Amino acid sequence: MLKESYSFERRIETHMQADVIVIGGGPAGTAAAISAARCGKKVALLEKTAQLGGMGTLGNVSIFMPVGNVTGIYREIVSEMLAEYLPSGHHESIDPQYSPFLLRQYLNEKMKKEQVQVFFHCEFVGTIHKDGRIQAVVVSTREGLKAFEGETFIDCTGDARVAIDAGVPYRTGREEDGLTQPMTLMFTMQNTGKPVTPLLPEGCYRYEEESDLPQGRRLYWERNNDGTLLVNMSRVKANGAIIKDVNYAEAEALKQVFSIVNYLQRTGFETYALAHIAPQTGVRETNQIRGLYTLSEHDVVNGTRFPDAVAQTNYEIDIHSPDAKKTTDERKVDGYDIPYRCMVPAEFGNLLVAGRAISATHVAMSSMRVQATCYAMGQAAGIAAAVSIEDSCSMQDISIDKLHGLLEYQGVRFSGR
Ligand SMILES: Cc1cc2nc3c(=O)[nH]c(=O)nc-3n(C[C@H](O)[C@H](O)[C@H](O)COP(=O)(O)OP(=O)(O)OC[C@H]3O[C@@H](n4cnc5c(N)ncnc54)[C@H](O)[C@@H]3O)c2cc1C
């Protein structure tokens with residue numbers, strides 16, 4: 001007979017102890033690791049795949065969307081990897097296209113320079129916690145299960161995987177029905193300079209009109225001037241944190257990619273061949289923790305400023321239809337702050353959540369989710385973790401003045417301050 005559940009008990013060897021354990025090596029996680037290390041902390045960065053950069057590399061996102069500033073660690077990345085785009089001031093907007101392969105290599109080198117210990121192929125499995133403090137995380141490694149013990153933990157998994165496992169309350173997707181933004185498999189095509197034969201592998205769709213396309217539109221960029229076409233045109237109704245949805249999305253999105261390539265090769269890109277498909281289908285939205293403050297649509301639309309700001313952005317509200325319709329809700333915003341409290345769960349004194357899974361409503365997260373903002377939140381989270389260790393206080397009680405002072409010291413400039 002099928003048992004509904006099992007209990008699982010095991011003695012697990014501690015692989016490493018660190019001051020700050022960062023789980024997830026995307027924009028938020030890499031920035032958190034760097035900033036904590038710069039505060040003199042021993043940092044372990046645990047990443048479940050073979051690469052850093054999160055959706056920016058794994059998902060081939062390849063564009064930094066404009067947020068109204070280029071500051072802090074994000075500014076360093078631009079200045080070191082994309083110097084031609086670096087604006088003179090911290091409060092200008094840029095939206096460069098970059099190579100995800102170069103970003104991957106750049107982040108590896110950066111972590112070495114910053115003395116962050118990176119652990120690839122290390123997937124978070126569970127938390128060990130007692131009396132409102134996380135003691136260790138259990139991780140699946142190439143050598144089996146290992147524990148990583150820390151003073152503080154920063155959940156940058158994008159899905160709030162660590163926080164949810166520990167028992168932090170969370171919600172998912174749209175408030176009315178829980179539906180999340182759809183998933184998209186990014187790919188590139190390359191201009192070969194000569195006609196290519198369009199292929200349509202078994203099981204794919206033949207799109208005739210633009211209105212047949214999954215998003216009902218063409219969405220691509222060709223800014224690198226090297227004949228590369230970056231394509232964001234697939235769309236699958238799915239929640240990237242649900243087993244059944246992901247199983248469906250990975251197969252459906254790939255089918256769409258080949259179908260879109262075939263369509264483009266017949267309608268304007270007759271000399272372009274499929275060059276690269278992202279290793280995984282991109283996930284825009286999954287879970288949001290309930291933190292000390294929840295960023296709302298009202299804050300985004302009205303440009304709310306907060307005394308404990310850790311990031312600023314004017315990126316639009318950008319909601320790809322969660323209903324699988326071919327529409328995208330895009331609304332300009334003038335600019336707002338993201339407060340530190342959105343990253344702080346009430347339940348644990350040594351845990352923060354940074355990146356797209358912070359405490360925010362569905363509409364608010366659609367604006368704050370882009371990479372530059374996640375780098376900014378991560379940078380603040382790493383510093384906050386270091387401050388909480390130095391001052392022997394909980395994440396809830398750190399000095400915001402000190403956090404702001406260290407952010408400034410690390411090159412972050414807020415506008416209007
Ligand atoms: C299709 C698509 C297009 C987008 N377009 C743009 C764009 O043009 N410009 C832009 O700036 N932004 C864009 N975004 C948004 C942006 O890429 C993400 O919102 C951003 O990368 C989120 O950063 P993050 O660090 O919070 O999470 P993620 O980038 O999701 O990174 C999370 C990391 O945690 C790791 N992880 C997850 N679970 C575990 C675990 N259990 N154990 C260990 N590691 C784990 C993952 O492997 C990953 O490396 C797009 C997103 C998608 C999906």
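Strands β13 (residues 309-313) and β16 run antiparallel and are joined by 4 bridges in this predicted model; strands are DSSP runs of E with at least two residues, helices are runs of H or I with at least four, and both are numbered from the N terminus. Two strands are taken as paired if DSSP finds at least two bridges between them. Asp337 in β16 lies opposite Gln312. In a regular strand, side chains alternate between the two faces of the sheet. Strand β16 (residues 336-339) is covered on both faces, with Tyr336 and Ile338 buried on one side and Asp337 and Pro339 buried on the other (buried: under 20% relative accessible area, 1.4 Å probe, protein chains only).

The ligand is surrounded by 33 residues, of which Glu47, Met55, Ile63, Phe124 and Arg369 are the closest (a residue counts if one of its heavy atoms lies within 4 Å). At least two residues of this shell come from each of α1 (27-38), β4 (123-130) and α8 (371-390). The shell comprises 16 nonpolar, 11 polar and 6 charged residues, with Gly counted as polar.

Polar contacts are pairs of N or O atoms within 3.5 Å. A ligand oxygen atom lies 2.6 Å from an N or O atom in the side chain of Glu47. Ligand nitrogen is placed 2.8 Å from a polar backbone atom of Phe124 and 3.2 Å from a polar backbone atom of Lys48. Of the 1000 Å² of accessible area that the ligand has on its own, the protein covers 97% (Shrake-Rupley method, 1.4 Å probe).

Residues are numbered from 1 along each chain as its sequence is written, and side-chain values use heavy atoms, without hydrogens and water. Local features require pLDDT of at least 70 and side-chain atom pairs pLDDT 80 or more, whereas totals for chains, interfaces and linings use all residues.

Terms used: Buried means under 20% relative accessible area, exposed over 50%, partly exposed in between (1.4 Å probe, protein chains only). A polar contact is a pair of N or O atoms within 3.5 Å; within protein, one must be able to donate a hydrogen and the other to accept it, and residues adjacent in sequence count only if both atoms are side-chain atoms.
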